[in-house]
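Visitor: I would like to learn how to read this model, feature by feature. Where do we start?

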Amino acid sequence: MSTNTRFTIYIILLILSLFSGLLRYKQIDKASRVIVFLLAVTLISETTSIYIGWKYRNNMPVFHIFSPIELFIVSIYFNRSIEYFKKFNIGIYVGVVGILLSILNTIFIQQIKTLNSYFLLYEGFCIIFMALYSYRTMFEDLEMNVVRNPHFWFSSIFLFISGVTYSNWALYSFIGKRMVELIPSISTLITLVSAIAYTSIGLVFLLLPQKAQK
């Protein structure tokens with residue numbers, strides 16, 4: 001399967017997931033609505049990345065711009081879905097710190113035309129931590145039907161995609177220019193994992209009963 005075909009399928013799956021979220025938008029709670037916004041931003045990011053890569057042969061600036069935005073949006077999601085985070089606005093702090101660190105990384109360490117792999121590792125670490133903490137809060141509630149809770153599945157999806165991409169960006173940072181032939185395989189794996197993750201989000205929107213919170 002060619003690279004263009006893979007990306008086309010990926011974008012179609014992302015659009016379908018976004019559409020499923022919009023379809024259920026009035027029925028889902030405020031935290032889940034953040035996921036819909038994340039899907040929209042991701043769609044913009046991915047299409048921009050493809051266009052910039054095609055026109056300028058270097059789409060690394062897209063990662064520098066959208067990665068901190070992505071972390072901020074995910075942090076807002078966890079800030080709304082975890083009561084302890086909501087009480088102290090922990091998710092907002094994580095997102096703001098992420099933006100600041102991304103700016104510092106771009107200015108002083110990994111400049112705009114190179115991959116910001118250090119920040120991507122930091123982003124993955126933060127998302128994994130927040131997802132695992134959300135598990136703790138859900139499993140502590142003995143009356144909750146965890147399997148029927150959409151936030152359990154959202155956290156699981158974030159844990160899945162962040163765990164795999166975390167490992168891959170770490171590998172990317174390690175191999176650098178020493179094993180350039182592995183880089184396309186890493187990119188393909190990340191695209192596949194992302195496609196699975198965003199398709200799963202769409203299925204959560206469609207299959208699980210959700211009630212909007214006011």
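**Reading the fold**

Guide: From the N terminus on, the elements of the protein chain run α-α-α-α-α-α-α-α. This is a predicted model: local features need pLDDT of at least 70, side-chain atom pairs count only at pLDDT 80 or more, and totals for chains, interfaces and linings use all residues. Residues are numbered from 1 along each chain as its sequence is written, and side-chain values use heavy atoms, with hydrogens and water left out.

Visitor: How many helices and strands are there in the protein chain?

Guide: Helices (H or I, at least four residues) and strands (E, at least two) are DSSP runs, numbered from the N terminus. Here the chain has 8 helices and 0 strands.

Visitor: What share of the residues counts as buried?

Guide: Buried means under 20% relative accessible area, exposed over 50%, and partly exposed in between (1.4 Å probe, protein chains only). Of the 214 residues of the protein chain, 45% count as buried.

Visitor: And what share of the contacts joins residues at least 24 apart?

Guide: Contact means heavy atoms within 4.5 Å. Take the contacts between residues at least 6 apart in sequence: 72% of them join residues at least 24 apart.

Visitor: Which residues have the most contacts inside the largest nonpolar core?

Guide: A nonpolar core is a set of buried Ala, Val, Leu, Ile, Met, Phe, Trp, Tyr and Cys residues joined through side-chain atoms within 4.5 Å. The largest one has 43 residues, and those with the most contacts inside it are Tyr77, Phe78, Met130, Phe158, Ile201 and Phe205. At least two core residues come from each of α1 (3-23), α2 (30-56), α3, α6 (117-140), α7 (150-175) and α8 (183-207). The most come from α2, with 9 residues.

Visitor: What does methionine 130 touch?

Guide: Not counting residues up to four places away in sequence, methionine 130 touches Leu71, Ser75, Phe78, Ile82, Phe85 and Val94.

Visitor: What about alanine 131: buried or exposed?

Guide: Alanine 131 sits in helix α6. With a relative accessible area of 0%, alanine 131 is buried. Beyond residues up to four places away in sequence, alanine 131 touches Phe78, Ser155 and Leu159.

Visitor: Now a helix pair. At what angle do the axes of α3 and α5 cross?

Guide: Axes are lines fitted to C-alpha atoms, for helices over the stretch in contact, and angles run from 0 to 180 degrees between N-to-C directions. The axes of α3 (residues 60-81) and α5 (residues 90-109) come within 7 Å and cross at roughly 170°. Angles under 35 degrees count as roughly parallel, over 145 as roughly antiparallel, 65 to 115 as roughly perpendicular and the rest as oblique. So α3 and α5 are roughly antiparallel to each other. The α3 side of the contact includes His64, Pro68, Leu71 and Phe72, and the α5 side includes Gly91, Val94, Gly95 and Gly98.

Visitor: How do the residues of that contact divide?

Guide: Ala, Val, Leu, Ile, Met, Phe, Trp, Tyr, Cys and Pro count as nonpolar, Asp, Glu, Lys and Arg as charged, and the others, Gly among them, as polar. The contact of α3 with α5 has 9 nonpolar, 8 polar and no charged residues.

Visitor: Where is asparagine 79, and what is it in contact with?

Guide: Asparagine 79 is in helix α3. Its relative accessibility is 7%, so asparagine 79 counts as buried. Leaving aside neighbours within four places in sequence, asparagine 79 is in contact with Phe85, Lys86, Asn89, Ile90, Gly91 and Ile92. A polar atom of its side chain lies 2.9 Å from the backbone nitrogen of glycine 91.

Visitor: Which backbone nitrogen lies 2.8 Å from a side-chain polar atom of aspartate 29?

Guide: That of serine 32. Aspartate 29 is in the loop between α1 and α2, and counts as buried at 8% relative accessibility.

Visitor: Last, backbone angles. What is the phi of arginine 57?

Guide: Arginine 57 has a positive phi of about 60°, although it is not a glycine. Arginine 57 is in the loop between α2 and α3 and counts as exposed, at 66% relative accessibility. Asparagine 89, also not a glycine, has a positive phi of about 55°. Asparagine 89 is in the loop between α4 (83-88) and α5, and is partly exposed at 32%.

Note on methods:
Polar contact = N/O pair within 3.5 Å; in protein donor to acceptor, adjacent residues only side chain to side chain.
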